[in-house]
Amino acid sequence: MDSKQIDIEVAGYEERLRVHRRALHRIPEVGYEEHRTHAYLMEHLKALAPDDLRAFAGTGIRAVFRGNGTGRVLAFRSDIDALPVTEETGCSFASTREGFMHACGHDGHMANLLTFAEWLNAHRDMLADDVVLIFQPAEETTGGAKRMIDEGALENPHVDVIYGMHMMPDVPKGKIAACAGPIMAQTCEMDFIIHGRSAHGATPHLGRDAITAMGHLITLLQTTVARSVDPGQPALITIGRVEGGRQRNILADRVQMEGIVRTFSNEVYEGLESRIRDDLRGVEAAFDVDIEFVKRVYYPCVENDPAEFERVKALLGDRFVQAVPRTTAEDFSYYQLSVPGVFVFCGCMDEAHSSPLHASTFDFDEAALLPGLALFAGLVTYTG
């Protein structure tokens, strides 16, 4: 079946995409609390009787549709969690949970993968590939992808390649953006806790000033990025929050700095972290303080396999848009550390929908999901 035939067939699933997306949109839940979401997905997947269906990572799910054994093992992933955002779309299917919203398109990702499961079920007697569908919790928080992998979601059967998509409101509806190599950044959230010793401001020699140490550390960190990383390799460090001190005339005995590092290379990050640790030791020695270094959430670089990217690009045809790498992050990257993979941006921008991701007004036309569904169908080898 060629791409035009797939488009015609997939167009018949638009109402299913709409029904699933709107039902899921009404019940947003944050990471590892996606119990109603899990129940909805399980109910509809069980009705399709996949060859294997089980829970992973608490609220995650894996469904396997086995082919005839002559193809590969292909995995497709959707994240399932929402955000602590109060919805302001005015939609008839708006969130029923005050303070929570699917503001990042994960409702669309789930609708796409669940409808794809229905498509697979309709074609299962003709499948050559084994197809693994992964519904993953906690992408927005601590990275549920790693937990899914650690619990064996990519094994039995062993996955050969994995694909994922994300709704993108700055890509036109009907188009899909992707590129070979890095497409989203590596990130690491970091805390720096400086421990000094209090003293009266009139007798500073009796204390160890955590605030002065903080000022020098911030400057040193920025200098390290600017002078130790190849300018051809993008790297950023942002210190977005600092807290310390109790009174204007007392040396602070404790300061906490919170920041994030972004690069487009896991190797560049490793070198940069080593230099950051050197900076901390230098500030400790210069100001006689102790500094705790805490890595909070680490996501590797989302890096698309070149050969698999070419396959995706060929399938997309005139729907393809060349993506520019983004400094935002995605825990899909953990799957790509284990197996080759491709992550794409599914366009949803039109005249009526232009709000950015994570905005309280983010919304999209479900027809924007059709190219993603057609791509997933096209990637599967079957004898129809």
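**Exercise 1.** Check the span of helix α4, residues 106-123, in this predicted model.

*Solution.* Start with the count: helix α4 has 18 residues. The expected span is 1.5 Å times one less than the number of residues. That gives 26 Å for α4. Now take the end C-alpha atoms: they lie 26 Å apart, so expectation and model agree.

**Exercise 2.** How many of the 18 residues of α4 are buried?

*Solution.* Buried means under 20% relative accessible area. In α4, 16 of 18 residues are buried. The helix is mostly covered.

**Exercise 3.** Which residue forms a salt bridge with Lys173, and where do the two partners sit?

*Solution.* The partner is Asp365, with the closest N and O atoms 3.0 Å apart. The pair links distant parts of the chain, 192 residues apart. Lys173 sits in the loop between β5 (161-172) and β6 (176-178). Asp365 sits in the loop between β14 (341-349) and α10 (370-379). Lys173 has 33% relative accessibility, so it is partly exposed. Asp365 has 24%, so Asp365 is partly exposed too.

**Exercise 4.** Which residues do salt bridges with shared partners join into one network?

*Solution.* The network holds Glu14, Glu15, Arg18, Arg21, Arg22, Asp107, Asp363 and Glu366. For the whole structure, the count is 29 salt bridges.

Definitions and conventions
Residues numbered from 1 in each chain as written. Predicted model: local features only at pLDDT ≥ 70, side-chain atom pairs only at ≥ 80, totals over all residues. Heavy atoms only, no water. Helix = DSSP H or I, 4+ residues; strand = E, 2+ residues; numbered from the N terminus. Buried < 20%, exposed > 50% of the residue type's maximum accessible area, 1.4 Å probe, protein only. Salt bridge = Lys/Arg side-chain N within 4 Å of Asp/Glu carboxyl O.
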